[in-house]
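Hi everyone, thanks for making time.

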Amino acid sequence: MSYNNDGLSSMGGGGDVEVETDPSAGGLFTMDFKKHEDLKNMLDSNKDGLKLDAMKRIIGMIAKGKNASHLFPAVVKNVASKNIELKKLVYVYLERYAEEQQDLALLSISTFQRGLKDQNQLIRASALRVLSSIRVSIIVPIMMLAIKEAVNDMSPFVRKTAAHAIPKLYSLDPEQKENLIEVLEKLLNDRTTLVAGSVVMAFQELCPDRIDLMHKHYRKLCGLLVDVDEWGQITIIDMLTKYARTQFLDPNKGEADMEIANRPFYEDEEEIEEKHDTKPKYVMDEDHQLLLRCAKPLLQSRNASVVMAVAQMFYHIAPRSELVYVAKPLIRLLRGHREVQAVVLQNIATMTLKKKGIFEPFLKSFYVRSTDPTHVRILKLEALTNLASETNISTILREFQTYVRSSDKQFVAHTIQAIGRCATNIAEVTDTCLSGLVGLLSNRDESVVAESIVVIKKLLQMNPSQHSEIINHMSKLFDNIQVGMARASILWLIGEYSEYVPKIAPDVLRRVAKNFTSEEDIVKLQAINLAAKLFVTNYKQTKLLTQYVLQLAKYDQNYDIRDRARFIRHLILPSSENGGVLQKHAKKILLSPKPAPVLESPFKNRDQFQLGSLSHSINSEANGYQKLPDFPETKPDTSVRNVEVPTWTKKSRPGQTKKPAKVKSFYSDKSSESESGSATEDSESDSGSGSESGSASSDEESTEGPDSRVSDSDALSQPPRTKEPSSDEQSDSGSSDSYSESSSGTDSDASSSPPPSPSPTKKKATKNVVNKTKEKKPVSLLDLDDFGGSQVTNSVSSTTPAQILSPLTADLQGLSLDNTSNNTSGMDYSFNSHTPQKYELLHRMTGEGLSASYRYTRRPCIYSNKMVSIELMVTNHGDAPINNIRMGNKKLQGGLQVHDFDQIDVLAPGASLSSTMGVDFCDTTQPLIFDLCTETRKFNVQIKIPVGELVKPTTMHETEYIKQQGKLGGMNENTGKLNLPSSLDDKEICKRITHVLNVCRVPSTQDNIYRFAGKTASCESVLLVCFDQSSGDSTSKLQVHCDKMVIGSMIFKQIKEKLSEQ
């Protein structure tokens, strides 16, 4: 007796069940109908261990694709088990088979409802998932109640499951749509990243046309986009793409670039400006820019579907100038699996038809490899053909010449067709391609010759008179070619252009008539056409042959051939007098001039479908496909996306009246509060006109921004606002020459720079300045975004409320990092003694009276730790004010990120103004290229960064320095010797090193050894500089260690040159 039979008999006799029913031998190889009887017995036992093992085996069977539905009664009995692990597996099984075993599942509904109240969030979610999988209309009210309760659950996982249950309930009972929309609105208010993707998925399934539900959540979803799970990102991007197509104008409609290209070369500049002014300029909506900005980081996602979703969104809604960011991520995906390559190449082939410029730099990425499957080769060939232009056609044709020798016949045929398309699209290489195809006619491979003939036939129609020799040569190959399409093409060419080969055409007709019955149908049809054409042009030689061919075709098995023969006979050989009228026009009918065929890409019309969709892949509208809406003609209302942010106020007790809070300065005490309060009351009582007070209140409201204590998603959802001046900018600009010169005409109280530490005298002076101006909301320490404004330096009369120094920023200047009195560690910050160097950004002659310069302040950037702080100074040298000075289009290469300086509304004549911006150079020296725009002009400028400004100082002790130095050896180390001038002392050496780069002095216990430490701003790679003079002779040793080898070598070279200067 076998082991299995012993085990079964022992279980029936009440023996030790746990020992005899080993899961590894439980009926896996038996063929009788009781092969799963041991699983049922294990599920019926009283031991949770056996039940758990049985459920694991059952779930394993389901994972392998085996049917386990007959175990449903035994499994469903364990749904009320108290074992959490067992309960989870039971719910997984029920979710799979609840729809098939609906009657048995209904018996456990009470258990599922109890599961919705379970303490474990996974059990609650599983119970809701199983309940929504039971497709019985009688439990719709129960499901609706369960979903409404789950929406308010504390666990985001349960709320996520509720979002997934909404489409299931809607498909079961569409009449519940309105109730489900109310539930969906509650879920849309959820700010959890785990729930966001599922809610948008439910929205797409339930009511994709209700765009109005998404208005107030648009900015929140843009902000959450980076943090949502990958599949949620795909769903949100798809929805936001459709949203953008309905709420924003087409950014590529009526581009100015197309107008510039069509202008006369010698057109007067004044006429150009007049034409420019007459046409309205398109300005992209801020929310449109927000979507593109938030989605751009996802192009670096590891998930190919996410990258493809962002790429299609940019293709459908982004300006053409933004599409360049899509090319490199898509090329990266071509290194993935074959399936991913095929889908990506399909989309690239569609994109290259209209926007080939973005992929031209990556032409070599589409070269075919020997390991590529045939379908990938054909798609790469399609991309190469679409990218062909006058500049790269020679390279592409050389590549095609290699492909023609491939052993893959299907690939070779497509290559020949690609050569034909290049010949028709680029007139300069038509003759070259034609001669190359004629050379392929002598190929040993019949399929290559046949495909070449078909393509040559299409090319010859463009100019047949110059290529009569090719027609003659092809007619000689007729007997050797057996492919039907090629033979039919030769017959068509000879019949259409018989006047160029008058002696050969009748002989070809004779040869085809000889084997007419054995030819393919397409060859027979062209033989009938050839006979008819030769009959009307060479009646004497071909009359009998034509009658013979028509007689054979009359009794052919194919009815198309019989119909064609009957038609031709009555056309050229009429049997009655009435038929003779038609015979007179037979030549015009048969030999009418025919347009040359246009070889088009098979992907030409695929852009009607959304990129990345199934419909685009199969080139046909799939079931459930939602068409991409068209852009609106007029700009929709943008205020629908504005969300009121509640201000932070203390909760008042019931029955207590809220009093308006008094505006207090940062360092105010009780006496100063009373003084400022009385001064304010006096000023209000003295103001007699209501218009003045009204204007003051309106200005106060206009400068008041949203509360800084809002969540991150809320902050992202707010539109950009004007920022107040930062303490860094004030202290930096206070030391600049432009600031000191232009501030001579200002009030003495306002122009006096604050001392390093706050004093009562200066605080009162600062308060006087604020009291003289209109009252303003105090700056919160948490609202760091407000420290980035600009400073007006010409006069108080032209100063706006947004540009007045607040008490907090004036006091914060005393807290600058250059106050080293409390520096007990002995660290020496290099920027204490370093004077920032100015660089010219825009010359006043080039800028038509506007000049701009910039400098690196070497202070921490308030916008991001990875950014370098740059102070921009602009001056108006003209006689007229300059309006709306701002940053325009930016060319961000290599992942550069920029925090723009605030727009300058008005710059009076002779006035100067400074503002701060932040740039993340990604630890590279590539320049920031952008347009410096005014109201009427724009100037292309670039900010170049010295390699030393990519470093920020860091404090480090000697032991840590030596430890880091030991790690950065080999290629990360630059060492050299140099001779120093005799006039250099210790102070001058440190000064020269800190002039080159922004580092911090590390205290050393050894004499004549100078150590400096820093980190790169973006990646925080450690950079160490060591200058050793301890050798005693005139030579010194310089060492630079850095993980970034390029930065380390450049800094080593610059320090060496600086120290060697006399």
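Let me start with a term: I'll call a residue buried when its relative accessible area is under 20%, exposed when it is over 50%, and partly exposed in between, using a 1.4 Å probe and protein chains only. With that in hand, of the 1062 residues in the protein chain, 46% count as buried.

Some housekeeping. What you see is a predicted model, where local features need pLDDT of at least 70 and side-chain atom pairs count only at pLDDT 80 or more, while totals for chains, interfaces and linings use all residues. Residues are numbered from 1 along each chain as its sequence is written, and side-chain values use heavy atoms, with hydrogens and water left out.

Now the overall picture. The protein chain has 46 helices and 17 strands; these are DSSP runs numbered from the N terminus, with helices being H or I of at least four residues and strands being E of at least two. Take contacts, meaning heavy atoms within 4.5 Å: among those between residues at least 6 apart in sequence, 68% join residues at least 24 apart. The chain exposes about 55100 Å², and carbon and sulfur atoms supply 50% of that; the areas come from the Shrake-Rupley method with a 1.4 Å probe, and for residues only the protein chains shown count as cover.

On to the strands. I say two strands pair if DSSP finds at least two bridges between them. There's an open sheet of 4 strands in the order β8-β6-β10-β11, with antiparallel pairing. Its edge strands are β8, at 904–907, and β11, at 938–943, and each of them pairs on one side only. From one strand to the next, the twist averages 35°; axes here are lines fitted to C-alpha atoms, for helices over the stretch in contact, and angles run from 0 to 180 degrees between N-to-C directions.

Zoom in on β6, residues 882–891: 3 bridges join this strand to β8, and the two run antiparallel. N884 counts as partly exposed, because its relative accessibility is 24%. C922 also has a positive phi near 55° without being glycine, but C922 sits in the loop between β9 (912–920) and β10 (928–933).

How many of the residues in β15 are buried? It's 7 of 8, so to speak a mostly covered strand. β15 pairs antiparallel with β12 (951–953) over 3 bridges, and there V951 stands opposite T1016. β14 (1000–1002) also pairs antiparallel with β15 over 3 bridges. The hairpin of β14 and β15 has 6 residues between the strands, and N1008 takes a positive phi near 60° there.

F1012 is a handy landmark in β15: R1001 stands opposite F1012, and the bridge partner of F1012 in β16 is V1025. β15 and β16 pair antiparallel over 7 bridges. They form a hairpin with 5 residues between them, and E1020 in the turn has a positive phi of about 60°.

From β16 (1022–1028), 6 bridges lead on to β17, again antiparallel, with D1028 opposite K1037. β13 (973–979) pairs antiparallel with β17 over 7 bridges, and T975 stands opposite Q1039. Strand β17, residues 1035–1042, is largely enclosed by the rest of the structure, because 6 of its 8 residues are buried.

Last stop, the aromatic rings. Rings of Phe, Tyr and Trp (its six-membered ring) pair if their centres lie within 6.5 Å; planes under 30 degrees apart are stacked, over 60 edge-to-face, and the rest tilted. The structure holds 16 aromatic pairs. One of them is Y243 with F248, which is edge-to-face because the planes are at 75°, with the centres 6.4 Å apart. Y243 is buried at 0% relative accessibility, and F248 is buried at 2%. Y854 and Y856 are edge-to-face too, 5.9 Å centre to centre with 90° between the planes. There's also one aromatic cluster formed by F72, Y93 and Y97.
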